[in-house]
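Hi there,

Here is the structure I promised to pass on. Have a look through it first, and my notes follow below.

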Amino acid sequence: MTDTAPAIELKGISKAFGPVQANKDISIRVMPGTIHGIIGENGAGKSTLMSILYGFYKADKGEIFVNGTKTEIPDSQAAIAAGIGMVFQHFKLVENFTVIENVILGAEDGALLTPSISKARKSLKQLAEEYELNVDPDALVEDLSVGHQQRVEILKALYRQADILILDEPTGVLTPAEADHLFRILDNLRKEGKTIILITHKLREIMEYTDTVSVMRRGEMTATVKTAETDPEQLAELMVGRKVLLRVDKKPATPGDVVLSVRDLKVTDSAGVERVKGISFDIRAGEIYGIAGVAGNGQSELMEVLGGMRSGTGTITMNGQEIDLTGKYSDGQSRRARGIGHVPEDRHDEGLILDYTAWENMIFGYHRDPEWGTGPLMNNAAIIKEAEAKMERFDVRPPIATLKAKNFSGGNQQKIVLAREIEKNPDLLLIGQPTRGVDIGAIEFIHQEIIRLRDEGKAILLVSVELDEIRSLSDRIAVMFDGQIMGERDPAAADERELGLLMAGIAGEPDKPDHIAVEENLTAVEHGEAPKHG
Amino acid sequence: MDFLTLVQVLDSTIRLATPLLLACLAGLFSERAGIFDIGLEGKMLAAAFFSAAVAFMTGSVWVGLLAGIGASMVLSALHGVASITFRGNQLISGVAINFLAAGMTVLIAQHWFSQGGRTPSLSGAARFEGIVWPGALTRIRDIKEAGPLMQVYSELISGHSILVYMALFAVPATWWILYRTRFGLRLRAVGENPAAVDTAGVSVVGLRFAAVGICGLLCGIAGAYLATALQAGFVKDMSAGRGYIALAALIFAKWRPWYALMSTLLFGFLQALALRPDLIETAVGVKVQVQLLDALPYILTVIILAGFVGKAIPPRAGGEPYVKER
């Protein structure tokens, strides 16, 4: 043995949920003072493993050593006592509590709150100075930006004296600038000797920020390597089990006539908040129009209006004809009749009915087509047959149409939705978050399918919070912030930093999507005081 | 309307608001912890019966009170087991408790006392009597002749049973517990986001049972007050929808203790007015049907529940059983 014991050592961890073996004989050593990445596809068992480490699940077999000592972790209390802190992907914060109340919750110093709060206030101030973790302790969590909320989660862990910090997909909801700040914080923590376990599916983060990386596939730990000694291609191959094309191959677009034209679209939600503040753009046949932005800046509302799920004001023309926005004559059915296909952002809530079979899901929205039935009766046998043919074409595994939607993996569920919408040959395809929760192998397929559709001369509106995805697929990129389009960019010319500033609302000119000269603008921001966001 | 009449109406307001206030605070503890409880009604009714029955049998109202609290807490435990342990539907569990209490109380009352589903009248030590404050006047003739301050002191402040003062004291106590103690912080958190409490290493189940227990305690006192202080004995369905009115008051109060006091006083005031149709007649000039006055609190309940009170945001995790997720 070397002189330093690993901060965390897992030996032979196994965990099964019924017949599903989520973790198979996993062993891993995480050295103190390092950032250790864990990468793997969805369902590879990363989260299960970390849940075992944080006391959410009990392992069927195996041992946990913390700083060289064998430790039992039956619950979260024990994990906290062992110096382990966790920042969940979906924050575990009480939104209408203040920052300080969230921090002390469960770690109070006595039955009365006042002494705990004043102690925490001092301690937060110190942590803020030490690690660039600035948050107003008296702000309500629901008023904070997502990046600041995440800092509260980190503060919670540090306040509990955590030496080992686990972060589960921490950058999924952050702007690039917020993500940079997060990694600066993590670097500061590492310098102070803290150990960080970073769970992510983003190869770039692994390559840039980790010291060591472990790869998981189908519940097994396939490799642990020094980050400096590997490359993205090798990691992707280890994750998927075969060679994967990481880059999207596409020819230059050959845009045709305008298919969709949006003018001064405004959308107000049920609470009376204006979510889309008068945006205008055109999409031509044979091009992919990508909308980048941090989640919650009006992209969802835009998609819902176009898909007929919400009303708005302004004008939208489809192939030269105006479509109804008042909500009276707008629904998914009439939108489809106008040649708009819709792959909703949230496939669990909007794209699929999970308790229904794959074939039922694949006929939704098209079940009134005379082709599939007579009068009120549907010709189920024909529909099932057709569904299985589509599933074959879209490589849905397993291609069994009578299986319930919930029994497919995320990637295969997404392919079911795509198959339904694409096979109807729409003139315009709306695609929201095409690869959210989808594994790398399926991402490759979905991206190729989107490009193929474009090359067939379809117009495509792509909304994604994954900037890399937007950049690699789009022919034009619009960035949305606070319900406005901050600017349009050519993906070949725009760099990530510039897009990041637009996403944060710092640069750009809202509502002038055709305005290309932003260079001066950007430099001005660089040199001047960038307005603080959040 | 002379000043004394007003004081008398306010006096009845307090008496009538007390069970509402106790039930409302009971609901507040439960719902703040994320457990909806429409079984307040049933718990009050069970407590009313058992407190009256035991007070009659033992001759001690205090033993009766304990029995009432015990009965209410048993039903609370039932609600807890159904909705926390077995993650059942909280509304269904609450409805079941209401039915159970409505039927069971009359059945047992008939079996024990054979007086048509009621308990015998309570008197003496088997009933909570009003506490006369030092110097307060008790004879109505003396009060009529006294000055306004003395009238307020004698009628409004003095002369209530100990449970009324306890209920009023429960308001600041509830506020203090919720906002100034560790338990309160955790209780509020578990009603908003149980996952936050769970990952902080605190037992969600434990906290919710504690909240449901406090709810049972307060409902027990409310029920005992009905049968042993406000009235002298138990009669069938004597809670008369107070549990539901308390729930409406709780929404009106936006789940806050001081607002709960205000909203239950408002309901109490309406109930007090219904007892004095003569006053309404002199004030309005027309004779208002007594039935309409009786219905006022219930009409107000409907109006409040229909959302005329502005935005009341319930605890976010309310009504949802907590299931640990990956």
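Which residues have the most contacts inside the largest nonpolar core? This is a predicted model, and in it that core has 239 residues, with A:V479, B:L22, B:C24, B:A48, B:A222 and B:A249 having the most contacts inside it. Helix α10 of chain B (residues 204-230) gives the core its largest share, 15 residues.

Chain B itself has 14 helices and zero strands. Its radius of gyration is 20 Å, close to the 20 Å that the globule rule gives for 326 residues, so chain B is as compact as a globular protein of that length. Of those 326 residues, 48% are buried. Among contacts in chain B with a separation of 6 or more, 78% are between residues 24 or more positions apart.

The buried residues of α15(A) include A:I443, A:I446, A:H447 and A:I450. Seen down the helix axis, the buried residues of α15(A) fall within an arc of 150 degrees, so they line one face of the helix. They pack against several elements of chain A, including α14 (410-422), β19 (428-432) and β20 (459-463). After α15(A) comes A:G457, with a positive phi near 95 degrees.

Best wishes

Terms used. Residues numbered from 1 in each chain as written. Chains lettered and ligands numbered in written order. Predicted model: local features only at pLDDT ≥ 70, side-chain atom pairs only at ≥ 80, totals over all residues. Core = buried A, V, L, I, M, F, W, Y, C linked by C-beta atoms within 7 Å. Buried ≥ 20, exposed ≤ 12 C-beta atoms within 10 Å, placed from the backbone. Helix = DSSP H or I, 4+ residues; strand = E, 2+ residues; numbered from the N terminus. Rg over C-alpha atoms; globule rule 2.2 N^0.38 Å. Contact = placed C-beta atoms within 7 Å. Arc of directions from axis to C-beta.
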